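Hi,

Here is the structure I promised to pass on. Have a look at it first, and then read my notes below.

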Amino acid sequence: MALLDEDRLFPAEARTRSLARGLYEEVKALPIVSPHGHTDPRWYAEDEAFPDPARLFVTPDHYVFRMLFSQGISLDALGVPRADGSVGETDGREIWRLFAQNYHLFRGTPSRLWLDHSFQEVFGLDVPLSAKTADEYYEHIDACLKKPEFRPRALFERFNIEAIATTESPLDDLRWHHMIRQSGWSGKVVTAYRPDAVVDPEFEGFAANVVRFGELTGCDTESWEGYLEAHRRRRAFFKEYGATSTDHGHATARTENLSAQEAARLFAKALVGECTPEEADAFRGHMLTEMARMSLEDGLVMQIHPGAFRNHSTGMMVRHGRDKGFDIPTRTDYVRALKPLLDAVGTEPGLTIIVFTLDETSYARELAPLAGVYPALKLGPAWWFFDSPEGMRRYREMTTETAGFYNTVGFNDDTRAFCSIPARHDVARRVDCAYLATLVAEGRLGLEEAGEVAHDLAYRLAKQAYRL
Amino acid sequence: MALLDEDRLFPAEARTRSLARGLYEEVKALPIVSPHGHTDPRWYAEDEAFPDPARLFVTPDHYVFRMLFSQGISLDALGVPRADGSVGETDGREIWRLFAQNYHLFRGTPSRLWLDHSFQEVFGLDVPLSAKTADEYYEHIDACLKKPEFRPRALFERFNIEAIATTESPLDDLRWHHMIRQSGWSGKVVTAYRPDAVVDPEFEGFAANVVRFGELTGCDTESWEGYLEAHRRRRAFFKEYGATSTDHGHATARTENLSAQEAARLFAKALVGECTPEEADAFRGHMLTEMARMSLEDGLVMQIHPGAFRNHSTGMMVRHGRDKGFDIPTRTDYVRALKPLLDAVGTEPGLTIIVFTLDETSYARELAPLAGVYPALKLGPAWWFFDSPEGMRRYREMTTETAGFYNTVGFNDDTRAFCSIPARHDVARRVDCAYLATLVAEGRLGLEEAGEVAHDLAYRLAKQAYRL
Amino acid sequence: MALLDEDRLFPAEARTRSLARGLYEEVKALPIVSPHGHTDPRWYAEDEAFPDPARLFVTPDHYVFRMLFSQGISLDALGVPRADGSVGETDGREIWRLFAQNYHLFRGTPSRLWLDHSFQEVFGLDVPLSAKTADEYYEHIDACLKKPEFRPRALFERFNIEAIATTESPLDDLRWHHMIRQSGWSGKVVTAYRPDAVVDPEFEGFAANVVRFGELTGCDTESWEGYLEAHRRRRAFFKEYGATSTDHGHATARTENLSAQEAARLFAKALVGECTPEEADAFRGHMLTEMARMSLEDGLVMQIHPGAFRNHSTGMMVRHGRDKGFDIPTRTDYVRALKPLLDAVGTEPGLTIIVFTLDETSYARELAPLAGVYPALKLGPAWWFFDSPEGMRRYREMTTETAGFYNTVGFNDDTRAFCSIPARHDVARRVDCAYLATLVAEGRLGLEEAGEVAHDLAYRLAKQAYRL
């Protein structure tokens, strides 16, 4: 018995399925290039065993605990830490049982696909998870995790990861990246520059962060010019640890291209906490353009991840803090929002700006038309709630006709769930092959060309776009 | 010859079709649970014969007459009453002929599916409706309607309706519900509490309605506290007549959670007709939160139906009045609009708030992410213009991956067209089975699990969510 | 070997494919009715040979050069003229080679379908275009273009075009249309009235245009009444050259129905360049209602093409001018925007207003519900970026259930790329037949009815809606 169908995610129709299978056979074993994600570099640095199954699969995975919470199960019962650092349920086995009893809630979700993939492919399980098999699962996975071949580096190699990027703040000392380097281990783990903490006037502790930023870089970050120079130096420092990209998570896609004088004025207000919300937003928007200009100089690829309404529930934010499954997508406009940035640097062929969205309606209407003409603009893959079979299929259906395949950049797993990485790349490869097979079956693309595109989407485009 | 294909709405691909058929076989005969709709309780109370075919199928069905009107046929020619109560064409047979001559306009529409289903399954017809068969149809249906087995209660039983909800204003005396109770008939017909007339300051006669509300409940509805108490008492009265839910039809999804003082202030202005549009909107939004709080006390399930621009044509409103097919969906935001309500009560696991939408773009972006985390929030089925094969399919494709199946609540027919009830539930069961069969065929769900979900979607979830 | 699959764009499933093929067989050879487009009437008037392959397929086609530009190829290298009239690359063969080397960029795009169709069906080529075959292609096409059977009129006849509309400004003297008439050639080429230049206060040279408009019509266009009368006369003049329609390309769908006094006031301000942006927008919106009133008098069908953000890149606008692939769709609202117009004339059964959109989210939510009730309103086909297999499929899926087929108007190619006309109509016919075949295969429509609808969509509806 198997948890996974060998032909999963391929179209049901026999000829198309066979085409999809053929395309997939050629790309399924390609190395994983993971140019954007949130795994913890400490794992690779220390190479210690992962904790128990509950703390590997349930407690840290917001996809998993938000679904359980939506059906009335408290975060405390799942061992999800409270804002004050305390924890409700601490017995991993109890947490696991609760998860197993409610595993039916995940029917039809990508979490189910990722979890079953990990259970079968990483841990060799072949009976479905349920209340009845909960303990068997727990003990088996727990025993595995104690073995050396389930340590982070061993799994990294087994997963065939060619390169993976983590994401750090400019205030991070990159000690784990340093430790990886020193260790002599051959795994390619690079950082990425995510400057929200020193770019967003509304970020907690912004002024203090900027002071610390000055200390780290030896720049006078109280002046606008010194602050920009600090970014330049810190980006160079990140590049030493392999960074090829920056990442920007703003509430909207707003960009600005202010005069130096106006930017300096807003920066000064930001430092003393006197920006209005509108001014803070303008400053964030302007900093995207500054970052793009620096990218033109230092070659870092720029990523923009806009459109999440963070921590939607006030009560849950107080009780459990940030990142507890309460981030909700919002409608996002790009045509007007990106214009200042695109007017400044959009026609530079040497620059790469990768835009993501949580608003699928913008794909066919705004993002594909923009990426289909501006040389600097590329489309990131289907993201977050849309990193799913239907989401990925809609992504191709809504972007390909206007932007083609070559204004997209392959797949990002964007995850902190280490064991799900092969599952996520496998889903992306299968869905893309299914899409290409449909094009072939419907006489819209030749089979040989489809094979080339499958290879591009699974491997080459990510390497190329992210310069990895 | 048959009007209906036995395999209608199942996927064309043979294996998937066979899976869909198998799933459907197990649920097609399940009793109908109709937890939200607009049939007239008087039908079940008096159990009199329905009038002629035109007045059963054409004149009262806004789906039908709006399509005919769109092609230049006047509402007068269809016997649709004018605002002053007068009627143009009064000859049912003439209306029917006009309808039959134009039956091709409904090709590809759900109306066509519902009508053919009624013709074949309720009236035993097997030739297509056309100008040629118009009279044959008219006479046959007319003769049927005169027989006892076509009376409302007989059809109710034949349709295998386990429970049906109607919708009444708090100002309704529920006399028909009372009469049903007194009659000793076993059919389960319950009311639902729809307080727009006493909750919306812009509703025609709001102040007078509130006075009447006070008389009916014995509360001092000139005071804010008395007004709230009147709601509590009237909800209790509705519960005596089986109500398990409330229903709220606002122009937007806006909610507010005002202080008692501010709410009382707006209420006082509303009573004297001095609310600005913004204040009226804020008051309506606040009343949703008050209703939710009462639901926490009395257990009524709350339904929110936002987003219709009512009576879009000024001229048609003057000539023919409300509800004449001129309600048009509008873009609707939920993320910010529902936040005050969700901050107040969204994490209460004992509460159920069912949200509907006329803006499909909100499903994957806003509603599934919200329902996939807030325990109090559930997604109503595809509604109104989207209560159709494509609408239902898109609904599942856009909600399942993030909200799963168990944050949805089964099907609502939401209709005043009595004979279409079995047709609508049948369409929903078929489309859901087709969706599930596709998941099975694509290796995304096991067959046994799919069978369980099919049963849940067709029957169990509606009973459970609506506490019927 | 062939460039085109005979069954392209039909569903992969065998039975559905066979149904689609059967439907298509009956409509594929129907004459082309092209009621809206931008071919140059001079071609038909002078009937001179088209220039070289690059200047036929690359330089003038914004779909083609925007994709190449998006991958870093300069417009200069493609011979696209600069704003000052100068041209970079002038060697057609060099341009063609660059195009051929990058032909893989068009995989999965409609441009690829149109181009391959032209190469195979118009020029008889049967090897794929690539760097290797670039010269072979160039020489072959170039040789063809020199032959009489590749002149515009010969191709027009070979393409089986029954009627084609071009689009002219009221300031155009229609000399080419006059010349066509005089020539005695039997091809039906009609004009259409596109008054943006004298209706939009923000149009370059608006005031001077209105003066010229007065000269052409002999009306006092400094007065509001004289200005309206000039429109009436010029519309009549256009009707003499076969016009059956007007066309309006506004940034939004806003309409207004101002008092004559208010309209005259805005007009006076517009003439002296003193309209605020809001006033200019209101004036444009009001002119749609005036045009609709004139349509009621003179029978011209009205077309509204809203929602493009024109010339998005400031830098490219300066360097290369208008219409260089930088028009980007924007979110467009119709429910409130069209209300003034619809309140004024929307229930007139003698009037036809055809609305297009670049915002697909409005189809199911706004446009189908509006067109499904207002007799004057019809839905234009999928437009511009959505004139593609996926766009056309989504169009049918999102409009049919609410508006049916008979509130749509057949296909528009809307192109200036002459050789792509048969390809575009063929794609539309195939995609519509595929959609209809799916309805038949899923038991949602009878086969005979589907055949009738296929004929309507391919031919009859366009003739009827546009009165051609």
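Among contacts in chain A between residues at least 6 apart in sequence, 76% link residues at least 24 apart, where a contact means heavy atoms within 4.5 Å. Before going on, please note that this is a predicted model, in which local features need pLDDT of at least 70, side-chain atom pairs count only at pLDDT 80 or more, and totals for chains, interfaces and linings use all residues. Residues are numbered from 1 along each chain as its sequence is written, chains are lettered from A and ligands numbered from 1 in the order in which they are written, and side-chain values use heavy atoms, leaving out hydrogens and water.

Now the overall build of chain A. With 468 residues, a compact globule would have a radius of gyration near 23 Å, and chain A agrees with that at 23 Å. That radius is taken over C-alpha atoms, and the globule rule is 2.2 Å times the number of residues to the power 0.38. Along the principal axes, the C-alpha atoms of chain A fill a box of roughly 70 × 60 × 45 Å. As for burial, 66% of the 468 residues of chain A count as buried; buried means under 20% relative accessible area, exposed over 50%, and partly exposed in between, with a 1.4 Å probe and protein chains only. Chain A exposes about 15800 Å², and carbon and sulfur atoms supply 49% of that (Shrake-Rupley method with a 1.4 Å probe; for residues, only the protein chains shown count as cover).

How are the copies arranged? Chain A superposes on chain B by a rotation of 120° with 0.0 Å of shift along its axis, at an RMSD of 0.0 Å. That is the relation of a three-fold axis. In chain A, the residue that comes closest to the rotation axis is A:Glu13, with its C-alpha at 3.5 Å. Chain C goes onto chain A with a rotation of 120° and 0.0 Å of shift, again with an RMSD of 0.0 Å. There, C:Glu13 has the C-alpha of chain C nearest the axis, 3.4 Å from it. Only 6% of the interface residues of chain A are also interface residues in chain B, so the copies meet through different surfaces.

On to secondary structure: chain A comes to 20 helices and 9 strands. These are DSSP runs numbered from the N terminus (helices H or I, at least four residues; strands E, at least two). In chain A, 3 strands form an open sheet in the order β1-β2-β3, with parallel pairing. Edge strands β1 (32–34) and β3 (189–190) of chain A have a single partner strand each, so one side of each is left without a neighbour in the sheet. Two strands pair if DSSP finds at least two bridges between them; β1(A) and β2 (residues 161–165) of chain A have 3. A:Ser34 has A:Ile164 in β2(A) as its bridge partner.

In chain C, take a look at β4 (residues 245–248). C:Ser245 and C:Asp247 point one way from this strand, C:Thr246 and C:His248 the other way, and all are buried. In a regular strand the side chains alternate between the two faces of the sheet. β4(C) runs parallel to β5 (residues 301–304) of chain C, joined by 4 bridges, with C:Ser245 opposite C:Val301.

Which residues touch the most other members of the largest nonpolar core? Among its 496 residues, they are A:Phe119, B:Phe119 and C:Phe119. Such a core is a set of buried Ala, Val, Leu, Ile, Met, Phe, Trp, Tyr and Cys residues joined through side-chain atoms within 4.5 Å. Leaving out residues up to four places away in sequence, the contacts of B:Phe119 include B:Leu3, B:Phe57, B:Trp96 and B:Tyr137.

A:Met316 sits in helix α15 (residues 314–320) of chain A and is buried, at 2% relative accessible area. Beyond residues up to four places away in sequence, A:Met316 touches, among others, A:Phe69, A:Phe326 and B:Thr347. B:Leu9 has a positive phi, near 70°, without being a glycine, and is buried at 7% relative accessibility. B:Asp323, also not a glycine, has a positive phi of about 55°; B:Asp323 lies in the loop between α15 (314–320) and β7 (328–329) of chain B and is partly exposed at 40%.

Cheers

Methods. Least-squares fit on C-alpha atoms with pLDDT ≥ 70 in both.
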